[in-house]
Amino acid sequence: MNILRQHKASRYVLCGLVALAVVIMIPLLSKAYKAYATVDYWDLMIGEKTVAVFVSENDAKQVIKDVTNYYVEKGAKLEDVQCSPELTVVQKTYDKDDEIKLGEVKDTVEYIVTGTREKEVYTVKKGDTFWTVAEKHGVTFEELAEMNPQVKDQEMLMIGDTLNFFKMNPLVDVTTTQVVKSVKTIEYKTIVKKTGSLYVGETKVKRAGKNGKKRVTERIVTKNGVTVKTKVLASKVLKKKVNKIVLKGTKKKPVAKSTSTSGSYSYSPASSGRTYSGSGSAIVDYACQFVGNPYVYGGTSLTNGADCSGFVQSVFAHFGIYLPRVGFETCGRSVPYSEAKPGDILCSPGHYSIYMGNDTIVHAVNEQHGIAITPVSFTGPIYDCRRIVE
């Protein structure tokens, strides 16, 4: 009987030990399973939002370093950089079953600094050129061309044409304070001196201008690469500028005489022609109404077709100013192109146009383009600028 009791007691002890072992092993096995089923990654945070997940802490921190240095100029001394919202790195445990797309340093930096793209559409207005539109929107000519592959000829923008812009919205605002050393151009000035040795309307360059150079040290504050504040710390002239001197005539020319009372005048190349009172801007506004109409050699119709001189002649005729069919070099008075105003007639080899301002002209171009607005450079060099209305 005692033996039986001892055997039962031993069984109870053994069961207790097994139960105790199970209790002890469960947490250990659970911990081991958890260690096997999870993985630690590094989250790159913008504020409280995760924007990328990395295998290593070093990669996540490299992104922050590259973003903060993205707008620092080469050779500049970085004094301060701030990101808003703040960029931080946090370790986080993920289940191995989670579908996690791990980030790449270069791609993440590009994503943060470019952010989202918003499309904007700009409608071409009077006086616009591809160059001025690009400058107005803070992009280069090449960038604007890339955004608008549908524009095959950038020199032939028409009023009413539309251009696409893609505005970038960075995920963070990066404000930098950096000290930059650079060599800058000192632009020369044009000094006009009056002289009685030249006729009114005539000019002569007495001395050509030359730009100078200076070495400048500046403290520049930028926000996402755009300068918001500049302070010059030091400046040294490396090469002095030479101002341009232009002589402007004051000697009166002989007055041209009228040969008829019908509004037609004969002119001598050595004399200034008749000028009229009026508005050059009104002439430009009227001329622009016919943009898009055809070019016809020998034509004078603003609607059915005109060539370059016929277009100019017909536009001015609308205002009661009757010009010869060709030879506008004898009409009105000559002024330097640097003093050109809207409504002036520009004379280039084999072509005439009406100046609009901002280095743009309206004219009957050719059979391909018809009546259009283009940059002044489209017609070649300007050898005379005639002021018809004062």
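**Cysteines**

Analyst: The sulfur of Cys331 has its closest cysteine sulfur in Cys347, 8.6 Å away, which is too far for a bond. Please note that this is a predicted model.

User: Is Cys331 buried or exposed?

Analyst: Cys331 is buried, as its relative accessible area is 1%.

User: What about Cys385: how far away is the nearest cysteine sulfur?

Analyst: For Cys385 the nearest cysteine sulfur is that of Cys347, 7.9 Å away, and Cys385 is in no disulfide. Cys385 is buried, with a relative accessible area of 2%.

User: How many disulfides are there, then?

Analyst: The count is zero. A disulfide requires two cysteine sulfur atoms within 2.5 Å, and the 8.6 Å from Cys331 to Cys347 is too far for a bond.

User: Let us change topic. How many aromatic pairs are there?

Analyst: The count comes to eight aromatic pairs. One of them joins Phe130 and Phe141, with ring centres 5.1 Å apart and planes at 65 degrees. Planes over 60 degrees apart count as edge-to-face, so the Phe130 and Phe141 pair falls in that class.

User: Where do those two residues lie?

Analyst: Phe130 is in helix H4, residues 130-136, and Phe141 is in helix H5, residues 141-147. The two are eleven residues apart, and the pair links distant parts of the chain.

User: And how do Phe130 and Phe141 stand for accessibility?

Analyst: Phe130 counts as buried, at 0% relative accessibility, whereas Phe141 counts as partly exposed, at 25%.

User: What is the geometry between Trp131 and Phe141?

Analyst: Trp131 and Phe141 form a stacked aromatic pair, with 5.4 Å from centre to centre and 25 degrees between the planes. Trp131 lies in helix H4 and Phe141 in helix H5, so this pair ties together parts ten residues apart in sequence. Trp131 is partly exposed, with a relative accessible area of 37%.

User: Which residues form one cluster there?

Analyst: Phe130, Trp131 and Phe141 form one aromatic cluster.

User: Now the strands. In which sense do S18 and S19 pair?

Analyst: Strand S18, residues 360-366, pairs with S19 in the antiparallel sense, over six bridges. The two strands form a hairpin, with three residues between them.

User: Which residue is the bridge partner of His363?

Analyst: The bridge partner of His363 is Ala372, in S19.

User: How many residues of S19 are buried?

Analyst: Six of the six residues in S19, which spans residues 370-375, are buried, and the strand is described as mostly covered.

User: Moving on to Val226: where does it lie?

Analyst: Val226 lies in strand S11, residues 226-239. Val226 counts as exposed, at 53% relative accessibility.

User: How far apart are Val226 and Tyr71?

Analyst: Their C-alpha atoms are 8.9 Å apart in space, while Val226 and Tyr71 are 155 residues apart in sequence.

User: Finally, the whole chain. How many helices and strands are there?

Analyst: The chain has seven helices and 20 strands. Of its 390 residues, 37% are buried.

User: What share of the contacts join residues at least 24 apart?

Analyst: Among contacts between residues at least 6 apart in sequence, that share is 69%.

Technical notes
Residues are numbered from 1 along each chain as its sequence is written. This is a predicted model: local features need pLDDT of at least 70, side-chain atom pairs count only at pLDDT 80 or more; totals for chains, interfaces and linings use all residues. Side-chain values use heavy atoms; hydrogens and water are left out. Rings of Phe, Tyr and Trp (its six-membered ring) pair if their centres lie within 6.5 Å; planes under 30 degrees apart count as stacked, over 60 as edge-to-face and the rest as tilted. Helices (H or I, at least four residues) and strands (E, at least two) are DSSP runs, numbered from the N terminus. Buried means under 20% relative accessible area, exposed over 50%, partly exposed in between (1.4 Å probe, protein chains only). Two strands pair if DSSP finds at least two bridges between them. Contact means heavy atoms within 4.5 Å.
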